[in-house]
Structures are given as structure tokens and as C-alpha cells.
Amino acid sequence: MKQIYLDHNATTPLRPEVLEGMLPYLTGHFGNPSSVHWAGRAVAGALENAREQVAALINASPAEIVFTSCGSEADNFALKGTAHALRNKGRHIITTQVEHPAVLETCRALESLGWQVSYLPVDSEGQLDLVQLESLITSETVLISVMWANNETGTLFPVARIGEIARRYGVRFHSDMVQAVGRVPLDVRAAQLDLAAISGHKFGAPKGVGALYLRSGTDLEPLIHGGHQERNRRGGTSNVAGIVGLGVASELVGKELESTVLQLRGLRDRLEDGLFAALENLKLNGAASRDMRLPNTLNLSFAGVSGESLLLNLDLKGIAASSGSACSSGTLESSHVIAALGVEPALAQASVRFSLGRENTREDIDQLLSILPPVVERLRKLSPL
Ligand SMILES: *Cc1c(COP(=O)(O)O)cnc(C)c1O
């Protein structure tokens, strides 16, 4: 049985070119990049090379890249760092109801420390109302944080238009770009971003490395106090091999963007068309327009079926996908993102996310198309509904 991985929004396989680039830094080049002797110098150059590669991917300059331990750290750094740096200017933050927990939970933590947070709702397609966003800005507002693309539905947000609003009011703008890397063109200058987060393992680099884009001149309170690493912005000896891998992956996805988008969109459309042709009572979660979604993401509710049992049945046949709902202590909790779309609880629990990657083929999609519809029909017959 061929195993098929369709959960690339959770993590991606390490690319062989990335591993090859990293290996010397896990073996011979062991130096501490902060050391001034030969062992350190050999490694410091590699860090700066990776900084250039990451910067080039998002149209930043290398000095604006701060390496972190993951995407979550970059989001925490952006939000907490801004909140603390601007605490005397104002204590209000605007974000959305559909952010990743790395942003949402950080906002909740700031609320418990006295900050005010507005969580913008989304419409049934997962889209924001920018008039509403603008109306929430007050003299106390110091930060707007809106993700570039949603990890569960793939819905893309009008980041450049939000950047224009933020700039007009003199409010800082952060975007969690984690899901957008390698899937849509990214330009932090055109989007007028002050801060942005990326994560290596979502685009072929290893787990445990990420980066924060920090527009030059933006002051941020460090999250990790310590040595002078990362120009005094983040203490701690650098994860050299991981950072080198992040650089290689950034260069690769930048070069391949056009062909990757064509490939992913072709496979996603094939899956979407095939499932809608084979099954009734399917509901698409996310933007109706395919161009307003990430090219690799398809989130569907299979009415009358529990998403969990569908995933278990797919897993038995070697197919890895994921559901928006997580089973915690025996109760099925619906995803906050699907709930925010206004999807009724039963349909929310029937949602499954397929997220494709560059190693997926037409054969993978066709195998899924032959396996999934009969499983859904069988589960529907068993269902008491
Ligand atoms: C995965 C993910 C993160 C967290 O990145 P980690 O490197 O796993 O901490 C943040 N935001 C989004 C949208 C993600 O998909």
C-alpha cells in the first residue's frame, strides 16, 4: 500500500538539497558563529549567507531578518515585543478570530497583562471586512496582526490593503506568513509590513527553525535575553545547521514558485472537482473563489460523517490528512476557524483538510479519489443521522 501524505500545512518533508546543505554544519563545521577564531568564522559566513537567502525570498534586506526557533517564537516575538516596546504609546491590538494559536494565545496572554485585544470576525468564506477593521483603530492601537493565509481553509487575506490602512494610522502591522511561503509571492515592502513570521518546516527546511522579519527602524523588546546574537535582538547560540537549511529552502522555493503553484493548483483542482463530482452534500470551507485560497489547500465538510472517523479510515488506507477538530478528553472540539465561518457544529466536526505538497502526484490524487467516496458512503450509511 502506497502511503500518501496530504498534510503539508502541518509539516513538510525535509528536502534532500536542504539536508545536503546542512550536513557540513552538523559535522566538520561545529564552531560557534560568535567566536572570532577560524572555527567560528567558518560558520558565521554561513549564517549571513542564509540571512541573505531568506531576505531575498520576501524582498527584505538581510539585516531585517532575525532567526528564531520556530514560527511560534517569531509570532510571540512580534506581538509581545511590540506590546512591551510601545506600552507607553497604547495598549490595544487588533487581530482576527482565525489566527493560528501562536498569535491567538499570545494575544490572550497579553490580555491577562492588561492589553486590550479586538478579534475581528470573518464572513462565511473566511474573509475580513476591512471597513470594520479600520473602525476598530483607536489612539490606543499599537499593532494589527493578520495572517497572510489561513492554515485550515487556505483563505488569503488582503494583506497589502491592510498594510495601507495600518500605515495611514501609524499602527504597526504584523503578518503570520507561515503558510504562504513557497505558495504565493511574498513582498514585505509592497505589503507595508513591519513584522512577519515564517517557519522552516512548513516549506522543506527542518523543524525547530524560523525567522522574524523586522523592518529596519522597528524597535522590539527581546523575548530571549542573553548574548549579543542576532544584533542583540535574540540571545542564544544560533541553530546553525537549521538556519543553513532555512536559507537553502528559501532559495529553492523562491526559484520554483511559479512551477510549484501551477503543480499544486492543478492537483488541488483535480481533487476538488473529483470529490464534488463523486459525492453529494459536500461543503467547501473557505473562499469560494479558488484564486482567493492557497493553491495547495482544500477544506471540506462531509455532511453526516465525523471528520475523525473519516481520517481514521483514510489512515488505515495509508492516507494522511487532518481535521479541524481535535479529540480532547473524549469530547470533540470543533476548530475555532471553522466555527468562525459560522458553520454549524455538526458540519464543523465533519470537516477534513487536505493540504498538498510538491512531492504529490496525479496518481496520489486519483488514489484518494478512488478510496474516499466509498468510505464516505459507508460511514453515512452507518451514521444515525
Ligand atoms: C505551523 C504554523 C505556525 C507555527 O509554526 P511552528 O514553527 O510550528 O511553531 C504558526 N502559524 C501558522 C499559520 C502555522 O501554520
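Guide: A salt bridge is a side-chain nitrogen of Lys or Arg within 4 Å of a carboxyl oxygen of Asp or Glu. By this rule the count comes to 22 salt bridges. The model is predicted: local features need pLDDT of at least 70, side-chain atom pairs count only at pLDDT 80 or more, and totals for chains, interfaces and linings use all residues. Residues are numbered from 1 along each chain as its sequence is written, and side-chain values use heavy atoms, with hydrogens and water left out.

Visitor: Why is the pair of arginine 15 and glutamate 256 called a salt bridge?

Guide: The closest N and O atoms of arginine 15 and glutamate 256 are 2.9 Å apart. The limit is 4 Å, so the pair qualifies. Arginine 15 is in the loop between strand 1 (4-5) and helix 1 (16-22), glutamate 256 is in helix 8, and 241 residues separate them. Helices (H or I, at least four residues) and strands (E, at least two) are DSSP runs, numbered from the N terminus.

Visitor: How do you know that domain 1 and domain 2 touch?

Guide: An automatic or database assignment sets the bounds: domain 1 is 4-11 + 256-382 and domain 2 is 16-253. Contact means heavy atoms within 4.5 Å, and 29 residues of domain 1 meet this with 29 residues of domain 2. Between the domains there are 19 residue pairs in polar contact (both at pLDDT 80 or more). Helix 8 gives the most to the side of domain 1 that touches domain 2, with 5 residues.

Visitor: How many salt bridges cross that interface?

Guide: The rule finds 0 across the interface of domain 1 and domain 2.

Definitions and conventions:
A polar contact is a pair of N or O atoms within 3.5 Å; within protein, one must be able to donate a hydrogen and the other to accept it, and residues adjacent in sequence count only if both atoms are side-chain atoms.
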